[in-house]
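Please read the following walk through the fold alongside the sequence and the coordinates. It goes from confidence to sheets, then to a helix, and ends with charged pairs.

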Amino acid sequence: MTTQKIVKPSAESIASSARAAQKGGLPPVHLWNPPHCGHIDMRIARDGTWFYMGTPIGRPELVRLFSTILRKDGDDYVLVTPVEKVGITVDDAPFVAVDFNKRSDGLAFETNVGDRMIAGPDHPIRVERDAETGEPSPYVLVRANLEALIDRKSFYRLVDLGEHAEHEGEQWFGVRSQGVFFPIIPSAELD
């Protein structure tokens with residue numbers, strides 16, 4: 001009878017597997033279905049800082065590598081390689097949209113980990129408002145159920161580009177990109 005040694009996943013083993021799976025571009029994490037190996041002590045804070053065992057990960061290239069193997073399964077965030085899948089904690093959204101440019105083809109966003117996308121049908125913008133304070137939390141879809149929280153300075157710039165338009169039978173204030181109107185707040189609620 002042989003016994004198999006159970007290896008607890010670590011950030012180092014996941015990074016090694018992710019590097020081996022990289023072949024230019026984003027890895028096909030949606031095609032991988034390895035066994036779930038538990039949860040590791042990795043957390044993405046609301047400001048986009050990645051932590052491992054309570055310590056910020058200071059190497060941007062390592063954060064970028066982990067970001068390429070991140071997937072959302074239901075309500076859970078996991079890092080996935082061809083051989084293992086581990087759960088991590090995400091405080092809000094896994095990415096932060098740190099800048100955008102208004103271009104002729106739409107609003108082009110960039111995240112803290114270097115992802116780029118143009119808001120539109122494939123990358124919608126949505127705004128959630130805190131039920132008690134009314135404080136907005138704006139997001140843009142980066143890829144496959146993974147969103148970026150739009151940082152405050154970028155959101156203020158978006159508001160400067162805003163317009164009023166009809167949305168679901170009511171007047172709303174929002175922004176437009178690639179011909180799509182993204183509502184921010186009902187016009188009646190603006191002073």
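Two strands count as paired if DSSP finds at least two bridges between them. With that in hand, take Leu141, whose bridge partner in E12 is Glu147. E11 and strand E12 (residues 146–150) run antiparallel and are joined by four bridges.

Before going further, note that this is a predicted model. The pLDDT averages 91 over the chain, and 88% of the residues score at least 70. Residues 1–7 are another matter: pLDDT stays under 50 there, and the model has zero contacts beyond four places in sequence for this stretch. Where pLDDT is low, the predicted coordinates should not be read in detail.

E11 and E12 belong to an open sheet of six strands, in the order E9-E8-E7-E12-E11-E10. The pairing in this sheet is mixed. Its edge strands are E9 (116–118) and E10, each of which pairs on one side only. On average, and with direction ignored, neighbouring strands of this sheet are turned by 40° against each other.

Helix H3 packs on this six-stranded sheet, where it touches strand E7 (95–103), strand E8 (106–111), E10, E11 and E12. The direction of H3 makes about 30° with that of E7. Which residues of H3 are buried? They are Ser154, Phe155 and Leu158. Seen down the axis of H3, these buried residues fall within an arc of 100°, so they line one face of the helix.

The side chains of Arg152 and Glu135 meet in a salt bridge, with N and O 3.8 Å apart. Arg152 lies in helix H3 (residues 152–160), while Glu135 is in the loop between strand E10 (125–129) and strand E11 (136–143), so the pair ties together parts that are 17 residues apart in sequence. Arg152 has a relative accessible area of 53% and is exposed, whereas Glu135, at 41%, is partly exposed.

Salt bridges that share partners also join Arg64, Asp115 and Arg143 into one network. How many salt bridges are found in the whole structure? The search finds 16. Another of them pairs Glu110 with Arg116, at 2.6 Å from N to O. Glu110 counts as partly exposed because its relative accessibility is 29%, and Arg116 counts as exposed because its value is 62%. Glu128 forms a salt bridge with Arg126, and the closest N and O atoms of that pair are 2.5 Å apart. Both residues count as partly exposed, Glu128 at 45% relative accessibility and Arg126 at 31%.

Strand E4 (residues 70–73) pairs with E5 in the antiparallel sense over four bridges, and the bridge partner of Leu70 in E5 is Leu79. Is strand E5 (residues 76–80) mostly covered or mostly open? Strand E5 is mostly covered, with four of its five residues buried.

Strand E14 (residues 170–177) is joined to E15 by six bridges, and the two run antiparallel. Across this pairing, Arg176 stands opposite Phe181 in E15.

Notes: Residues numbered from 1 in each chain as written. Predicted model: local features only at pLDDT ≥ 70, side-chain atom pairs only at ≥ 80, totals over all residues. Heavy atoms only, no water. Salt bridge = Lys/Arg side-chain N within 4 Å of Asp/Glu carboxyl O. Buried < 20%, exposed > 50% of the residue type's maximum accessible area, 1.4 Å probe, protein only. Arc of directions from axis to C-beta. pLDDT = per-residue confidence, 0-100. Contact = heavy atoms within 4.5 Å. Axes fitted to C-alpha atoms, helices over the stretch in contact; angles between N-to-C directions.
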